[in-house]
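This briefing covers the disulfides of one protein model. Please look at the sequence and the structure before reading the points.

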Amino acid sequence: MVSERLFHRRALWSLRLICLLALLVEGRAFAADTAPGPGPTMRFVIVRSNAPGCEPICPEWISAEGSIEAGTPALFKRMLKTLGGRDLPIVVDSPGGNVEAALALGRLIRKNVLDIAIGKTVFSGCHPDAEGCQDRNKNGAHYLGDVVDYGAMCNSACPLMFAGGVRRVVGEWAFLGVHQITTTYIRTKLQYRTTYRIVAGKKKVLNTKIVSRKDAGSYKTYEMSKAVEKRLAAYLDEMGIDQGVLETMKSTPASEIHQIALDDMLRMKLVTSMDAADLLTAAGLCRSDRLAANCLEIPGKKPDGLTTAAKPAPLPAEPEGVQRDEGMRFVVVRGGNPLCNPDCPEWISAEGAITPQTLQKLRQLLATLGDRQLPVVISSKGGDLLGALAAGRLVREKKLDVAVGRTDFVGCDPGEWNCLAKEGAYAGLSIDAGVECDSACALMLAGGVRRLVGPRARLSLYPMGQKQAVKAYLEEMAIDPALFAAIERRSVERQLEPDMMLKVGLTTSPQSVDALTGATICDTVPKPQNCRIRSSANAEADAPAKL
């Protein structure tokens, strides 16, 4: 009997019971959704500039294009490991995506001290999404391309990633937009199997295991919770960004996108300067006298990826006497011919090489003029292509006329330290005999409302990079596609014939610069907008001495 009772007690002690427990679990995922959909997942590739003449030393950058998803930070980390410590700027084009991932990307970018710009990479030859091109970087080769900001975007969650850059640039034709965060709550029905035993009349859990998982639906909210708002505010503080960005996000419905104006981005410290993407990717960054950190020398390399022993093509010539690091100079000029006094024409003198900073310089000068519309008198042997396109678009936006010509200053040159402007303008005379407007300069000219090239001036073009960007720009400026076709047929730079320029609409008249700046134009009816009467005291001072 005793043994039987012991057996029964032992069996009761070792009894295991199984219980199935079903629970409804609710998880939360943050997303800044965009319509009509997030699109392909963001991919990262290293791109080398194919700008003419930059080889064997060319700038490189990281192209980041596509939607931001949960796994995107891991992909970016993998990309950074392949750089071997090199600091390459990021050129991003994204509709947005996962907020948590965007925050992680921003912190990775700041931790690695990288710059960022909004832009599209226009690939030349092998495209990363094309079959057979995915492994180029693994083989030590690089994708080739150029950067354009026209049509590029960084929306929704992307600005949070963008905020991580050390230098942050958004070109005038790029789009940065924000809106309210969408929070998605996901319900999942979980069924557990719990094994336990009874010890001294109490349950002791041995293990718990999930045996089934079913989707129980989801729902979304379109208002930012206090917890999320606090996290985003802390992140923006961490990145040195004004809280105005967060306020704009909160005030914009999730179904809309609020484009932040460039001036507002500068005020909110979301951008560090009013530059375009080429500030970080232009071929001019790799000049022998000043190499940027993202320049890489590949001896004997040609833009098509082949090697050759030939020397790289030289950079286009720059105007004689122009400092390479100064670029195009903009100054307001007043006609210095005594015949016009006191009512004289005024214009903007634009002379020198076009650089990535040309747009900013022109914008700054126009800001000093208020609502006044002065014609632009331009003389340049070309320069930075994207800088010319951006400046041309600004000229068109401000509805300015442009003429090829040079300004001869009367009395002193604005470049001299003791040469002062009178009432905001320097005295000068305009001429067009022998004046050149070559390559990128001709594209800047195309932005004018009236575009004048006199019979004694010279306008020339030659095949340039950024073919898609140039073609789109000419279409935007209502220039006949025949001009682009003519450019493509040329193997060297060549002067354009006046009849051809008129036919394709590159010029609106064969008149000389005097049609905009001549001493007698202020006597005509109606009087041109660029005429200005000076006060009698100044007019008398400027008049020629009487004998």
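The model is predicted. Counting cysteine sulfur pairs within 2.5 Å gives seven disulfides. Among them are Cys 286 to Cys 295, Cys 340 to Cys 344 and Cys 437 to Cys 441.

**Cys 286 and Cys 295**
- The sulfur atoms of Cys 286 and Cys 295 lie 2.0 Å apart, and the pair forms a disulfide.
- The S-S torsion of this pair is about -95°, so the link between Cys 286 and Cys 295 is left-handed.
- Cys 286 has a relative accessible area of 9% and is therefore buried, the cut-off being under 20%.
- Cys 295, at 14% relative accessibility, also counts as buried.

**Cys 340 and Cys 344**
- Cys 340 is joined to Cys 344 by a disulfide with an S to S distance of 2.0 Å.
- A torsion of about 90° about the S-S bond makes the disulfide of Cys 340 and Cys 344 right-handed.
- Cys 340 and Cys 344 are both buried.

**Cys 437 and Cys 441**
- Cys 437 and Cys 441 form a disulfide in which the sulfur atoms are 2.0 Å apart.
- The link of Cys 437 and Cys 441 is left-handed, with -100° about the S-S bond.
- Both Cys 437 and Cys 441 are buried.

Technical notes. Residues numbered from 1 in each chain as written. Predicted model: local features only at pLDDT ≥ 70, side-chain atom pairs only at ≥ 80, totals over all residues. Heavy atoms only, no water. Buried < 20%, exposed > 50% of the residue type's maximum accessible area, 1.4 Å probe, protein only.
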